[in-house]
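Thanks for coming, everyone. Let me put the structure up, and then we will walk through it side chain by side chain.

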Amino acid sequence: MRSSSNPAFRNLQGRGNAGYAGFGSPQGYPQGGMPGYGVDQAPPTQADRPITVDDVVMKTAMTLGVALLTGIITAVLVLGGSIQPWPPLIVGGLVGLVISLIVIFKQTPNPGLILTYSAAEGVFLGALTGVFEMFAPGIALQALLGTGLVFGVMLVVYRTGAVKVTPKLTKWIIAAAGGAFLLMLVNLVLGLFGVNMGIRGNGTLAIVFSLVVIGIAAFMLLLDFDLADQMIREGLPSKWAWYAAFGLMTTLVWLYVEILRLLWALNSSD
(Lines give C-alpha, C1' and ligand atoms only; values in the text may rest on other atoms or scores of the structure.)
Protein backbone atom coordinates (compact mmCIF):
# COMPACT_ATOMS: atom_id res chain seq x y z
CA MET A 1 0.00 0.00 0.00
CA ARG A 2 1.60 3.27 -1.08
CA SER A 3 1.56 6.22 1.27
CA SER A 4 -0.14 9.54 0.52
CA SER A 5 1.07 13.06 1.14
CA ASN A 6 -2.38 13.79 2.51
CA PRO A 7 -2.30 13.01 6.26
CA ALA A 8 -5.95 12.01 6.19
CA PHE A 9 -5.15 9.07 3.90
CA ARG A 10 -1.58 8.43 5.06
CA ASN A 11 -2.73 7.82 8.66
CA LEU A 12 -4.76 4.83 7.53
CA GLN A 13 -1.56 2.97 6.76
CA GLY A 14 1.40 1.66 8.64
CA ARG A 15 -0.61 -0.13 11.30
CA GLY A 16 0.74 -3.59 10.69
CA ASN A 17 -0.72 -6.54 8.82
CA ALA A 18 -3.67 -7.01 11.12
CA GLY A 19 -7.00 -5.62 10.11
CA TYR A 20 -8.68 -4.99 6.84
CA ALA A 21 -6.45 -5.12 3.78
CA GLY A 22 -3.55 -3.53 5.63
CA PHE A 23 -5.54 -0.52 6.79
CA GLY A 24 -5.79 -1.81 10.36
CA SER A 25 -9.14 -2.55 11.98
CA PRO A 26 -11.45 0.39 11.30
CA GLN A 27 -13.32 1.73 14.28
CA GLY A 28 -16.38 -0.26 15.16
CA TYR A 29 -14.90 -3.64 14.17
CA PRO A 30 -12.99 -6.05 16.40
CA GLN A 31 -9.58 -7.25 15.32
CA GLY A 32 -10.03 -9.78 12.54
CA GLY A 33 -13.80 -9.31 12.71
CA MET A 34 -14.67 -7.78 9.37
CA PRO A 35 -17.70 -9.32 7.65
CA GLY A 36 -16.90 -12.55 5.83
CA TYR A 37 -13.42 -12.95 7.28
CA GLY A 38 -13.78 -16.05 9.43
CA VAL A 39 -15.75 -14.61 12.34
CA ASP A 40 -19.50 -14.97 12.80
CA GLN A 41 -21.12 -11.63 12.13
CA ALA A 42 -24.56 -10.11 12.18
CA PRO A 43 -26.07 -9.58 8.73
CA PRO A 44 -24.21 -6.74 6.99
CA THR A 45 -25.83 -3.33 7.05
CA GLN A 46 -25.75 -0.72 4.30
CA ALA A 47 -22.61 0.80 5.85
CA ASP A 48 -20.90 -2.63 5.83
CA ARG A 49 -21.14 -3.24 2.10
CA PRO A 50 -17.95 -2.69 0.08
CA ILE A 51 -17.17 0.87 -0.92
CA THR A 52 -17.78 1.83 -4.55
CA VAL A 53 -16.77 4.66 -6.86
CA ASP A 54 -20.29 6.06 -6.56
CA ASP A 55 -19.91 6.19 -2.78
CA VAL A 56 -16.73 8.24 -3.02
CA VAL A 57 -18.19 10.53 -5.69
CA MET A 58 -21.40 11.16 -3.75
CA LYS A 59 -19.71 11.78 -0.41
CA THR A 60 -17.13 14.05 -2.02
CA ALA A 61 -19.90 15.98 -3.77
CA MET A 62 -21.73 16.39 -0.45
CA THR A 63 -18.67 17.67 1.40
CA LEU A 64 -17.80 20.09 -1.39
CA GLY A 65 -21.42 21.19 -1.65
CA VAL A 66 -21.59 22.06 2.06
CA ALA A 67 -18.31 23.98 1.84
CA LEU A 68 -19.47 25.83 -1.28
CA LEU A 69 -22.81 26.77 0.30
CA THR A 70 -21.34 28.08 3.56
CA GLY A 71 -18.55 29.76 1.61
CA ILE A 72 -20.92 31.65 -0.68
CA ILE A 73 -23.11 32.77 2.24
CA THR A 74 -20.09 33.99 4.21
CA ALA A 75 -18.56 35.78 1.23
CA VAL A 76 -21.85 37.55 0.46
CA LEU A 77 -22.19 38.68 4.07
CA VAL A 78 -18.60 39.95 4.12
CA LEU A 79 -18.92 41.77 0.81
CA GLY A 80 -22.26 43.25 1.86
CA GLY A 81 -20.74 44.64 5.05
CA SER A 82 -23.09 42.61 7.26
CA ILE A 83 -20.15 41.02 9.08
CA GLN A 84 -16.46 41.69 9.44
CA PRO A 85 -14.25 39.10 7.73
CA TRP A 86 -11.90 38.37 10.62
CA PRO A 87 -14.26 36.56 13.07
CA PRO A 88 -15.45 33.94 10.52
CA LEU A 89 -11.92 33.71 9.12
CA ILE A 90 -10.41 32.92 12.52
CA VAL A 91 -13.26 30.82 13.92
CA GLY A 92 -13.77 28.86 10.70
CA GLY A 93 -10.05 28.18 10.37
CA LEU A 94 -9.65 27.05 13.99
CA VAL A 95 -12.77 24.86 14.00
CA GLY A 96 -11.71 23.28 10.70
CA LEU A 97 -8.22 22.63 12.04
CA VAL A 98 -9.45 21.04 15.28
CA ILE A 99 -11.99 18.80 13.55
CA SER A 100 -9.48 17.75 10.90
CA LEU A 101 -7.04 16.67 13.61
CA ILE A 102 -9.80 14.70 15.36
CA VAL A 103 -10.77 12.93 12.12
CA ILE A 104 -7.15 12.19 11.20
CA PHE A 105 -5.93 10.92 14.55
CA LYS A 106 -9.11 9.04 15.49
CA GLN A 107 -9.33 7.72 11.93
CA THR A 108 -13.09 7.97 11.99
CA PRO A 109 -15.36 8.19 8.92
CA ASN A 110 -17.96 10.07 10.99
CA PRO A 111 -20.18 11.96 8.52
CA GLY A 112 -21.23 14.50 11.15
CA LEU A 113 -17.65 15.49 11.89
CA ILE A 114 -16.65 15.56 8.24
CA LEU A 115 -19.63 17.67 7.15
CA THR A 116 -18.98 20.03 10.08
CA TYR A 117 -15.38 20.28 8.90
CA SER A 118 -16.62 21.13 5.41
CA ALA A 119 -18.94 23.80 6.76
CA ALA A 120 -16.15 25.34 8.85
CA GLU A 121 -13.75 25.34 5.92
CA GLY A 122 -16.46 26.93 3.81
CA VAL A 123 -16.83 29.75 6.34
CA PHE A 124 -13.05 30.22 6.44
CA LEU A 125 -12.67 30.22 2.66
CA GLY A 126 -15.73 32.42 2.21
CA ALA A 127 -14.33 35.07 4.55
CA LEU A 128 -10.91 34.86 2.90
CA THR A 129 -12.45 35.07 -0.56
CA GLY A 130 -14.56 38.05 0.49
CA VAL A 131 -11.43 39.95 1.50
CA PHE A 132 -9.69 39.21 -1.80
CA GLU A 133 -12.85 39.98 -3.76
CA MET A 134 -13.05 43.46 -2.23
CA PHE A 135 -9.77 44.43 -3.83
CA ALA A 136 -9.90 42.25 -6.96
CA PRO A 137 -13.49 41.74 -8.16
CA GLY A 138 -13.93 38.48 -10.05
CA ILE A 139 -10.99 36.74 -8.40
CA ALA A 140 -13.25 34.27 -6.55
CA LEU A 141 -14.80 32.88 -9.73
CA GLN A 142 -11.37 32.62 -11.34
CA ALA A 143 -10.03 30.70 -8.33
CA LEU A 144 -13.00 28.34 -8.32
CA LEU A 145 -12.67 27.67 -12.04
CA GLY A 146 -8.92 27.19 -11.66
CA THR A 147 -9.36 24.71 -8.82
CA GLY A 148 -11.99 22.78 -10.77
CA LEU A 149 -9.79 22.74 -13.85
CA VAL A 150 -6.78 21.39 -11.96
CA PHE A 151 -8.94 18.76 -10.26
CA GLY A 152 -10.43 17.65 -13.60
CA VAL A 153 -7.09 17.54 -15.38
CA MET A 154 -5.41 15.53 -12.63
CA LEU A 155 -8.35 13.11 -12.51
CA VAL A 156 -7.99 12.51 -16.26
CA VAL A 157 -4.23 12.16 -15.87
CA TYR A 158 -4.75 9.54 -13.16
CA ARG A 159 -7.51 7.60 -14.91
CA THR A 160 -5.63 7.45 -18.22
CA GLY A 161 -2.40 6.38 -16.54
CA ALA A 162 -0.49 9.29 -18.09
CA VAL A 163 1.35 9.58 -14.78
CA LYS A 164 1.85 6.41 -12.79
CA VAL A 165 1.67 6.71 -9.02
CA THR A 166 4.77 4.80 -7.99
CA PRO A 167 6.47 4.57 -4.58
CA LYS A 168 9.28 6.77 -5.90
CA LEU A 169 6.86 9.44 -7.14
CA THR A 170 5.01 9.28 -3.84
CA LYS A 171 8.21 9.91 -1.89
CA TRP A 172 9.13 12.87 -4.09
CA ILE A 173 5.70 14.47 -3.71
CA ILE A 174 5.64 13.96 0.05
CA ALA A 175 9.14 15.45 0.34
CA ALA A 176 8.15 18.42 -1.84
CA ALA A 177 4.97 19.05 0.15
CA GLY A 178 6.85 18.81 3.43
CA GLY A 179 9.51 21.21 2.16
CA ALA A 180 6.89 23.71 0.99
CA PHE A 181 5.06 23.63 4.33
CA LEU A 182 8.34 24.04 6.21
CA LEU A 183 9.34 26.99 4.04
CA MET A 184 5.96 28.65 4.60
CA LEU A 185 6.28 28.08 8.35
CA VAL A 186 9.74 29.63 8.42
CA ASN A 187 8.46 32.57 6.38
CA LEU A 188 5.60 33.04 8.85
CA VAL A 189 7.91 33.00 11.87
CA LEU A 190 10.42 35.38 10.25
CA GLY A 191 7.56 37.66 9.27
CA LEU A 192 6.76 38.14 12.95
CA PHE A 193 10.21 39.71 13.29
CA GLY A 194 9.87 41.88 10.20
CA VAL A 195 11.89 39.64 7.89
CA ASN A 196 10.39 39.17 4.42
CA MET A 197 11.58 36.15 2.44
CA GLY A 198 9.61 37.30 -0.59
CA ILE A 199 7.70 34.06 -1.12
CA ARG A 200 4.40 35.65 -0.10
CA GLY A 201 3.43 38.85 -1.83
CA ASN A 202 3.22 40.09 -5.40
CA GLY A 203 6.83 39.83 -6.48
CA THR A 204 8.31 37.47 -9.05
CA LEU A 205 9.58 35.07 -6.37
CA ALA A 206 6.14 34.93 -4.76
CA ILE A 207 4.51 34.12 -8.12
CA VAL A 208 7.04 31.39 -8.87
CA PHE A 209 6.62 29.92 -5.38
CA SER A 210 2.82 29.89 -5.76
CA LEU A 211 3.12 28.09 -9.10
CA VAL A 212 5.40 25.47 -7.52
CA VAL A 213 3.03 24.94 -4.57
CA ILE A 214 0.04 24.62 -6.90
CA GLY A 215 1.97 21.97 -8.82
CA ILE A 216 2.68 20.08 -5.60
CA ALA A 217 -0.98 20.26 -4.55
CA ALA A 218 -2.02 19.01 -7.99
CA PHE A 219 0.23 15.97 -7.69
CA MET A 220 -1.07 15.37 -4.18
CA LEU A 221 -4.46 14.88 -5.83
CA LEU A 222 -2.95 11.98 -7.79
CA LEU A 223 -1.91 10.31 -4.54
CA ASP A 224 -5.34 10.90 -3.04
CA PHE A 225 -7.06 9.43 -6.11
CA ASP A 226 -4.78 6.42 -5.86
CA LEU A 227 -5.51 5.86 -2.17
CA ALA A 228 -9.26 6.14 -2.75
CA ASP A 229 -8.90 3.71 -5.65
CA GLN A 230 -7.07 1.25 -3.41
CA MET A 231 -9.77 1.56 -0.75
CA ILE A 232 -12.29 0.53 -3.40
CA ARG A 233 -10.18 -2.37 -4.70
CA GLU A 234 -9.58 -3.66 -1.17
CA GLY A 235 -13.30 -3.53 -0.39
CA LEU A 236 -13.40 -1.35 2.73
CA PRO A 237 -16.91 -0.75 4.13
CA SER A 238 -18.85 1.94 2.29
CA LYS A 239 -18.80 4.29 5.27
CA TRP A 240 -15.11 4.91 4.57
CA ALA A 241 -16.15 6.89 1.50
CA TRP A 242 -16.61 9.75 3.96
CA TYR A 243 -12.96 9.48 4.91
CA ALA A 244 -11.90 9.46 1.27
CA ALA A 245 -14.03 12.55 0.68
CA PHE A 246 -12.42 14.24 3.69
CA GLY A 247 -8.94 13.51 2.37
CA LEU A 248 -9.75 14.97 -1.04
CA MET A 249 -11.34 17.98 0.63
CA THR A 250 -8.18 18.83 2.57
CA THR A 251 -6.13 18.88 -0.63
CA LEU A 252 -8.72 20.93 -2.53
CA VAL A 253 -8.84 23.53 0.25
CA TRP A 254 -5.07 23.99 0.00
CA LEU A 255 -5.21 24.08 -3.80
CA TYR A 256 -7.94 26.75 -3.81
CA VAL A 257 -6.09 28.97 -1.33
CA GLU A 258 -2.88 28.74 -3.35
CA ILE A 259 -4.65 29.55 -6.62
CA LEU A 260 -6.35 32.48 -4.91
CA ARG A 261 -2.96 33.77 -3.71
CA LEU A 262 -1.46 33.35 -7.18
CA LEU A 263 -4.28 35.30 -8.83
CA TRP A 264 -3.92 38.03 -6.21
CA ALA A 265 -0.18 38.26 -6.85
CA LEU A 266 -0.72 38.46 -10.61
CA ASN A 267 -3.40 41.15 -10.23
CA SER A 268 -1.24 43.17 -7.81
CA SER A 269 1.82 43.03 -10.03
CA ASP A 270 0.01 44.66 -12.99
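Where is the place of Gln-107? Gln-107 sits in the loop between helix H3 (86-106) and helix H4 (111-135). Before I go on, a reminder: this is a predicted model. Now look at the backbone there. Phi of Gln-107 is near 50 degrees. That is a positive value, in a residue other than glycine. Is Gln-107 buried or exposed? Gln-107 has 9% relative accessibility, so with the cut-off for buried at under 20%, Gln-107 counts as buried.

Next, the core. The largest nonpolar core holds 62 residues. Which members touch the most others? They are Val-150, Met-154, Leu-221, Trp-254, Leu-255, Ile-259 and Leu-260. The elements giving two or more residues to this core are helix H2 (53-79), H3, H4, H5, H6, H7 and H8. And which helix gives the most to this core? H8 does, with 18 residues.

So let's stay on H8. H8 covers residues 241-268. How much of H8 is covered? Mostly: 23 of its 28 residues are buried. What about its length? At 1.5 Å a residue, H8 should span 40 Å. Its end C-alpha atoms are 40 Å apart, which agrees.

On to the aromatics. How many aromatic pairs does the structure hold? There are eight.

Take Tyr-158 and Phe-225. Their pair is tilted, with 6.1 Å centre to centre and 45 degrees between the planes. This pair links distant parts of the chain. Tyr-158 is in helix H5 (residues 139-160), Phe-225 is in helix H7 (residues 204-234), and they are 67 residues apart. Both Tyr-158 and Phe-225 are buried.

Now Phe-181 and Trp-254. This pair is stacked, at 4.7 Å centre to centre and 25 degrees between the planes. Why does the pair tie together separate parts of the sequence? Because Phe-181 lies in helix H6 (residues 167-191) and Trp-254 in helix H8, and those parts are 73 residues apart in sequence. Phe-181 is partly exposed, at 44% relative accessible area. Trp-254 is buried, at 10%. Recall that Trp-254 is also one of the core residues that touch the most other members.

Then the cluster. Which residues form it? Tyr-117, Trp-240, Tyr-243 and Phe-246 make one aromatic cluster.

Next topic, charges. Side chains of opposite charge can pair when their charged atoms come close. How many salt bridges does a search of the whole structure find? Four.

Start with Glu-258 and Arg-200. Their closest N and O atoms are 2.8 Å apart. This pair also links distant parts of the chain. Glu-258 is in H8, Arg-200 is in the loop between H6 and H7, and 58 residues separate them. Glu-258 is buried, at 2% relative accessibility. Arg-200 is buried too, with 19%. The cut-off is under 20%, so Arg-200 still counts as buried.

Second, Asp-55 and Arg-49. Here the closest N and O atoms are 2.8 Å apart. Asp-55 is buried, at 6%. Arg-49 is partly exposed, at 28%.

Third, Arg-233 and Asp-229. Their side chains meet in a salt bridge at 3.0 Å, N to O. How are they placed along helix H7? They are four residues apart, so about one helical turn separates them. An α-helix has 3.6 residues a turn, so residues three or four places apart point the same way. Arg-233 is exposed, at 53%. Asp-229 is buried, at 18%. Salt bridges with shared partners join Arg-159, Asp-229 and Arg-233 into one network.

Last stop, the surface. Which residues form the nonpolar patch here? They are Leu-182, Leu-185, Val-186, Leu-188, Val-189, Leu-192, Phe-193 and Val-195. Together they have about 810 Å² of accessible area. Look at Leu-192, in the loop between H6 and H7. Is Leu-192 buried or exposed? Leu-192 is at 70% relative accessible area; exposed means over 50%, so Leu-192 counts as exposed.

That is the tour.

Key
Residues are numbered from 1 along each chain as its sequence is written. This is a predicted model: local features need pLDDT of at least 70, side-chain atom pairs count only at pLDDT 80 or more; totals for chains, interfaces and linings use all residues. Side-chain values use heavy atoms; hydrogens and water are left out. Rings of Phe, Tyr and Trp (its six-membered ring) pair if their centres lie within 6.5 Å; planes under 30 degrees apart count as stacked, over 60 as edge-to-face and the rest as tilted. Buried means under 20% relative accessible area, exposed over 50%, partly exposed in between (1.4 Å probe, protein chains only). The expected span of a helix is 1.5 Å times one less than its number of residues. Patches are made of residues with over 30% relative accessible area and no salt bridge: like charges are joined within 9 Å, nonpolar side chains (Val, Leu, Ile, Met, Phe, Trp, Tyr) within 5 Å. Accessible areas come from the Shrake-Rupley method with a 1.4 Å probe; for residues, only the protein chains shown count as cover. A nonpolar core is a set of buried Ala, Val, Leu, Ile, Met, Phe, Trp, Tyr and Cys residues joined through side-chain atoms within 4.5 Å.
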